[in-house]
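Okay everyone, thanks for coming. Let me put the structure up, and then I'll walk you through what I found.

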Amino acid sequence: MHKSTSYHEKLIQDLKNPLEAAVYIEVVLEESDPKMLSKALKNVIEAHGGVDRLSAQVKQLYNKLDQMLLEKGEIEFYSLNSLLDALGLHFAVTVKP
């Protein structure tokens, strides 16, 4: 019998691809939901080997961002940009469709 893969396992596998991770974060940012962004960042970090694989400085940034998202529902742009940079991603501005 064929073994099925859980949605989460498949998502984490897909997020190992930088293009998939970038599109995933982009879609979540469009939703403007702090809790969704927090979960999305956790998923991308998990795909990159987990929080323990991040440098101490990046871990500190991530923890600060996660706390801001969960408590205030807002983040500091430059901290998010630094975390995305550490994950091999960056912000891009495009024209609305």
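So, to start: which residues are buried in helix 3? They are Leu37, Ser38, Ala40, Leu41, Asn43, Val44, Ile45 and Ala47. When I say buried, I mean under 20% relative accessible area; exposed is over 50%, and partly exposed is in between, using a 1.4 Å probe and protein chains only.

Quick bit of housekeeping. This is a predicted model, so local features need pLDDT of at least 70, side-chain atom pairs count only at pLDDT 80 or more, and totals for chains, interfaces and linings use all residues. Residues are numbered from 1 along each chain as its sequence is written, and side-chain values use heavy atoms, with hydrogens and water left out.

Now the overall picture. The chain has five helices and zero strands, where a helix is a DSSP run of H or I with at least four residues, a strand is a run of E with at least two, and the numbering goes from the N terminus. The C-alpha atoms fill a box of roughly 50 × 40 × 25 Å along the principal axes, and buried residues make up 31% of the 97. For contacts, meaning heavy atoms within 4.5 Å, take those with a separation of 6 or more: residues 24 or more positions apart account for 49% of them.

Back to helix 3. It covers residues 34-47, so 14 residues, and it reaches 20 Å from first C-alpha to last, close to the 20 Å expected at 1.5 Å a residue. The expected span is 1.5 Å times one less than the number of residues. What do the buried residues of helix 3 pack against? Helix 1 (7-14), helix 2 (18-31), helix 4 (56-71) and helix 5 (77-86).

Let's zoom in on one of them. Asparagine 43 lies in helix 3 and is buried, with a relative accessible area of 3%. Not counting residues up to four places away in sequence, Asn43 touches His8, Leu11, Ile12, Leu15 and Tyr24.

Now look from the other side of that contact. Histidine 8 is in helix 1 and is partly exposed, at 31% relative accessible area. Leaving aside neighbours within four places, His8 is in contact with Asn43 and Glu46.

Is serine 79 buried or exposed? Ser79, found in helix 5, is buried, with a relative accessible area of 3%. Beyond its neighbours within four places in sequence, Ser79 is in contact with Leu61, Lys64 and Leu65. Serine 32 sits in the loop between helix 2 and helix 3, and is exposed, at 62% relative accessible area. Ser32 also has a positive phi of about 55°, although it is not a glycine.
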